[in-house]
Amino acid sequence: MYIRATGNISPQKTFGNAPFPGEVVAYEGNRLTCITPDYKELIDPKLIRRMSRVIKMGVASAMACLKEAGVTPPDAIITGTAYGCLEDTGIFLSKMIERGEELLTPTSFIQSTHNTIGAQVALLLHCHEYNNTFVNGGSSFECSLLDAQMLLQEGEAKNVLVGGIDEITDISHGILSRFGLYKQGSVSNLDLYNTPSKGTIAGEGSAFFLLTNEASENALAKLDAITTFYKPGSFGEVEQQISSFLSAQNISVDDIDLIITGKNGDAKNDEVYQYLGKTLFNKNTAINYKHLCGEYPTSSAFALWYAAHIIKTNMIPGKAQVAPLKKVLIYNHYQNTYHSLMLLSAC
Amino acid sequence: MILEHKMSQTVFVAGVGVISGIGNNTAKCLSALENSRAGIDKIRYLDTVHKDTFPVAEVKLSNDELAALSDFAPGISRTAMLSLIAAREALHSAKIENFSSWRTGFISANTVGGMDKTEDFFTQFMANPKAGRLRNVVNHECGKITELVADQLGIKNYVSTISTACSSSANAIMYGARLIKNNILDVVIAGGTDALTRFTLNGFNTLMILDSEYCQPFDANRRGLNLGEGAGYVTLVSERVAASLKTSPYCALSGYCNANDAYHQTASSPDGTGSYMAMQGALKMSSLNPGDIGYINLHGTGTQNNDNSEGTAIKRLFEPHYPKMSSTKSFTGHTLGASAGIEAVFSALSVQQGLIYPNLRFKTRIEDLPFAPETSFTRQPELKHVLSNSFGFGGNCSSLIFSKLQD
């Protein structure tokens with residue numbers, strides 16, 4: 001399937017007509033926050049007022065993607081989100097406890113459901129077609145892509161809108177910090193991989209893609225294949241999964257021009273990437289992406305956006321110019337539970 | 001074994017499992033359906049200030065009893081325990097030999113994950129951000145509930161979670177069937193789970209759609225819905241797996257469709273656009289005409305809005321010949337993310353055994369609708385196709401069709 005257009009709101013300047021690659025926005029501390037656009041140009045201001053931050057981010061990036069593709073409405077809308085609408089969930093939960101389950105209002109409850117963003121996009125476009133939401137932790141976005149791939153194969157859809165969305169709220173950052181997920185003390189996203197210690201930096205984002213089976217002149221890249229695997233028992237098993245994924249595509253690791261890995265700066269988390277760097281990937285050029293968007297369960301949506309733009313512009317951020325890029329592989333895992341592989345090629 | 005109608009590739013229901021307010025397994029639920037025994041009662045297990053106000057259909061077991069029944073260690077989310085009990089029954093009832101030799105998946109839906117435990121955590125956390133036991137919030141995410149259960153079942157090839165409000169588990173079943181048809185998996189346990197929580201009870205209360213009496217779906221004088229809890233799963237298998245079974249599958253999943261009402265975040269359109277499209281799409285996929293459907297397991301929540309909208313869509317699609325129909329939510333309450341899974345089990349049994357379930361407490365027909373739901377349990381051996389509807393917030397509408405197999 002082809003990536004015809006994207007819309008990406010992230011902690012970097014990725015939205016609208018921003019140049020690629022842009023200058024990296026630096027962050028001090030362990031929490032990266034999305035740079036949000038002026039929503040008034042994308043969503044009816046009357047609707048904006050009622051929407052929480054993540055709903056605005058989701059809806060705006062979805063609408064921008066469709067606008068770039070010149071597709072309204074799509075034949076299917078599929079979203080992936082591990083956490084859903086955390087802000088509304090937190091508001092309703094807090095008020096319910098504060099007020100002893102009395103005198104509550106429905107807005108935050110209504111908007112707390114995980115399918116709110118997909119539903120709002122359908123509502124804005126009067127889109128009656130297929131609409132689905134995956135909430136499967138670190139593979140939520142990948143499940144959405146697989147769903148899209150199947151819809152295209154089944155002939156049920158020609159243009160599928162797929163997005164990966166997750167937000168950080170003060171409450172979620174507070175709780176996740178207590179699990180020891182994030183680095184303590186002074187930390188900069190620019191030094192993320194140079195300070196091998198415990199923890200990573202928290203991130204968030206909303207990246208949408210318009211996928212189609214038809215090649216077109218302005219498509220960014222072709223997404224050849226996607227797979228996930230669950231709780232592998234060893235690094236060797238990861239290596240074997242990657243090899244069989246590539247064999248199924250009739251290619252070997254030597255055919256890969258660039259590997260984008262999900263290193264997040266946490267020493268334990270990154271061991272598998274280091275292992276692969278010495279084994280299967282030892283001859284490949286590899287770059288990382290989480291210093292740009294931070295770590296979150298649907299960060300692979302940011303990685304896909306990054307890969308598509310690298311292919312389209314034939315520029316690897318931070319690397320000297322190379323021969324035309326033909327194949328890019330993204331390998332990411334989230335907390336060693338869900339691992340995913342996405343193979344892209346130049347159109 | 002030949003399917004009555006032609007299809008390029010068939011997905012079979014080889015196993016079923018359910019736990020709900022009317023019973024802790026399939027046999028007990030079926031017995032309650034046969035004997036018109038509703039599971040709705042005064043709140044006993046959920047700790048809420050509304051316990052004397054709103055009747056609900058709770059699973060009649062405490063968390064400790066559920067832990068013992070499920071083999072989970074005590075302290076885990078009730079949602080996971082309900083899920084494991086029903087999913088394990090669905091797996092065992094399929095009697096698949098050499099289960100581990102097939103590519104297997106677990107696709108489970110839910111709407112609020114481990115919210116029951118998060119609520120306990122949050123009370124302490126709000127008083128002090130350093131307080132509250134982390135083990136009560138570690139499984140908050142919807143996907144964590146699925147993982148906990150998949151690990152207990154030993155399913156590793158593919159694990160996923162869907163959340164589209166009250167249609168969630170219909171979409172899990174659809175996705176599971178498509179993973180089989182696309183030759184990605186051979187066996188999928190698909191359905192959903194939801195435990196009652198204060199979050200959802202209070203949320204539905206703010207929408208003013210909870211009935212303080214026992215609900216009366218599709219009745220002219222209906223007042224709203226009763227919430228329920230539970231889990232329901234079907235074991236879906238490919239033709240190859242079905243051929244290896246010693247017993248005949250329950251039925252085929254012959255059609256399904258997901259559409260969106262695109263009318264309002266929480267309300268359904270007056271003409272039932274989304275539900276009409278979902279039912280019509282499912283019929284098209286199974287190459288059936290409306291007249292082929294013998295029974296509709298209604299979404300039938302008992303709210304003014306749903307029953308009007310769903311009823312209007314049925315009128316538009318089926319006029320003038322209406323199948324028999326009923327809402328089993330009059331027994332189980334509305335179990336949200338689990339409802340389509342539970343009702344898929346009831347529908348599979350309905351088409352396999354020719355069973356029509358009653359719509360309890362129905363008295364007065366809705367004026368604008370030229371049909372009424374069934375009021376008693378009957379057997380109809382000639383039943384061939386059953387339609388199950390599930391509609392949710394966000395306009396998500398999904399319909400499934402289960403078809404009888406010929407020996």
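Predicted model: local features only at pLDDT ≥ 70, side-chain atom pairs only at ≥ 80, totals over all residues.
## Strand β2 of chain A

Strand β2(A), which spans residues 76–80, is mostly covered, with 5 of its 5 residues buried. Ala76(A), Ile78(A) and Gly80(A) point one way from the strand, whereas Ile77(A) and Thr79(A) point the other way. In a regular strand the side chains alternate between the two faces of the sheet.

## The largest nonpolar core

The largest nonpolar core comprises 247 residues, and those with the most contacts inside it are Ala307(A), Val13(B), Val234(B) and Ala348(B). Helix α2(A), residues 53–69, gives the most to this core, contributing 11 residues.

Leaving aside residues up to four places away in sequence, Ala307(A) touches Ala221(A), Ile260(A), Val328(A), Ile330(A) and Leu344(A).

## A helix crossing in chain B

Helix α3(B), residues 78–94, and helix α5(B), residues 142–153, have axes that come within 9 Å and cross at roughly 40°; the two helices are therefore oblique to each other. The crossing of α3(B) and α5(B) is right-handed.

On the side of α3(B), the contact is made by Thr79(B), Ala80(B), Ser83(B), Leu84(B), Ala87(B), Arg88(B) and Leu91(B), while α5(B) supplies Ile145(B), Leu148(B), Val149(B), Gln152(B) and Leu153(B).

Note on methods:
Residues numbered from 1 in each chain as written. Chains lettered and ligands numbered in written order. Buried ≥ 20, exposed ≤ 12 C-beta atoms within 10 Å, placed from the backbone. Helix = DSSP H or I, 4+ residues; strand = E, 2+ residues; numbered from the N terminus. Core = buried A, V, L, I, M, F, W, Y, C linked by C-beta atoms within 7 Å. Contact = placed C-beta atoms within 7 Å. Axes fitted to C-alpha atoms, helices over the stretch in contact; angles between N-to-C directions. Parallel < 35°, antiparallel > 145°, perpendicular 65-115°, else oblique. Left-handed = near helix turned anticlockwise from the far one by under 90°.
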